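Have a look at the model first, then read on.

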Amino acid sequence: MSHWLIVGASRGIGLETARQLSARGERVTASVRSAAGLAALKAAAPQAAPLQFDVRDAAAISAAAAQVRDPIDVLIANAGAYGPQRQSSTDMDFEGALDLLSVNTLGPLRVVQAFLPLIKRGARPRIVLMTSRLGSMSLGGTVNVAYRVSKAGLNKIAQCLADDLKAEGVVVVALSPGRVRTAMGGPNATLDVRDSVAGVIQVAESLTLADTRRYLDYRGEELPW
Ligand SMILES: NC(=O)c1ccc[n+]([C@@H]2O[C@H](COP(=O)([O-])OP(=O)(O)OC[C@H]3O[C@@H](n4cnc5c(N)ncnc54)[C@H](OP(=O)(O)O)[C@@H]3O)[C@@H](O)[C@H]2O)c1
């Protein structure tokens with residue numbers, strides 16, 4: 001049994017990750033940021049130990065980390081948002097874009113930094129940063145510029161963390177869940193959330209230090225940076 005920390009577990013991919021892991025008897029600590037999120041987590045994964053914080057709030061993240069005593073083996077930094085309505089290269093909601101960077105790019109880093117002492121004590125410690133194919137610098141298309149930038153930035157953070165933590169045996173990857181039918185992915189996305197999450201868990205379980213600094217999808221396939 002491993003100890004997993006799932007961040008952003010009120011709905012979508014994070015909630016399903018907490019549900020699947022709890023159902024098979026893994027030890028799960030999971031974060032939400034509202035009473036409604038807490039209720040959803042309790043219903044889907046009653047055994048999960050809940051934490052409450054917004055990934056933009058460093059003090060709240062630190063306070064949550066101080067509540068956890070035991071080492072964390074796997075962190076899934078999953079919380080994320082899609083950003084403002086206006087986010088094209090010719091018409092940008094700059095305040096909204098800045099807020100999105102705080103959630104999608106710096107949010108996972110705040111979480112990693114706060115929980116790192118617990119992660120370093122984990123067994124085969126692994127950090128999975130939930131990114132997107134849209135963060136790839138080599139992918140074409142111009143829609144959702146702020147979201148793409150936020151995930152490209154997260155990919156760079158994955159590379160830097162991987163390089164900085166390799167000597168301490170901590171694996172860091174950027175992982176794309178595929179196009180998943182959630183509130184964010186929408187009803188026309190290709191993947192059922194159960195299938196995406198089963199893949200995400202399998203990839204996270206299989207990671208070794210040889211995988212650090214990789215950009216993978218939920219099937220474990222390499223993506224181009
Ligand atoms: N669905 C897809 O097709 C797809 C594709 C590629 C990548 N992804 C990535 O996968 C991750 C999960 O996506 P999803 O489809 O499950 O999205 P979702 O259904 O919209 O769920 C987003 C989750 O992130 C949480 N969250 C958002 N902003 C937060 C904040 N500031 N602080 C803390 N938690 C916050 C939400 O909590 P609340 O309920 O409190 O809002 C919710 O738990 C995201 O990082 C997303 O970018 C998704």
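The ligand takes up the space of the largest pocket. A pocket here is an open set of points on a 1 Å grid over the protein atoms alone, with protein on both sides within 12 Å along at least five of seven lines. A molecule sits in one if more than half of its atoms lie within 2 Å of the grid points.

Keep in mind that this is a predicted model: local features need pLDDT of at least 70, side-chain atom pairs count only at pLDDT 80 or more, and totals for chains, interfaces and linings use all residues. Residues are numbered from 1 along each chain as its sequence is written, and side-chain values use heavy atoms, with hydrogens and water left out.

The largest pocket holds about 1100 Å³ of space, a volume being the space filled by probe spheres set on grid points joined across faces, edges and corners. It is lined by 41 residues, and N78, G80, A81, T182 and M184 are the closest to its centre. Lining residues have an atom within 4 Å of a point.

Helix α1 gives the largest share of that lining, three residues. By class, the lining has 18 nonpolar, 15 polar and eight charged residues. Ala, Val, Leu, Ile, Met, Phe, Trp, Tyr, Cys and Pro count as nonpolar, Asp, Glu, Lys and Arg as charged, and the others, Gly among them, as polar.

## Who touches the ligand?

The ligand has 27 residues around it, with S10, R11, Y147, V180 and T182 the closest; to count, a residue needs a heavy atom within 4 Å. Eleven of the shell residues are nonpolar, ten polar and six charged.

R11 brings a polar side-chain atom to 2.7 Å from one. N78 uses a backbone N or O atom, at 2.8 Å, and G80 a polar backbone atom, at 3.3 Å.

Which residues line the largest cavity? They are V7, V55, A77, N78, A79, G107, P108 and V111. A cavity is a set of grid points where a 1.4 Å probe fits but cannot get out.

Note on methods
Polar contact = N/O pair within 3.5 Å; in protein donor to acceptor, adjacent residues only side chain to side chain. Helix = DSSP H or I, 4+ residues; strand = E, 2+ residues; numbered from the N terminus.
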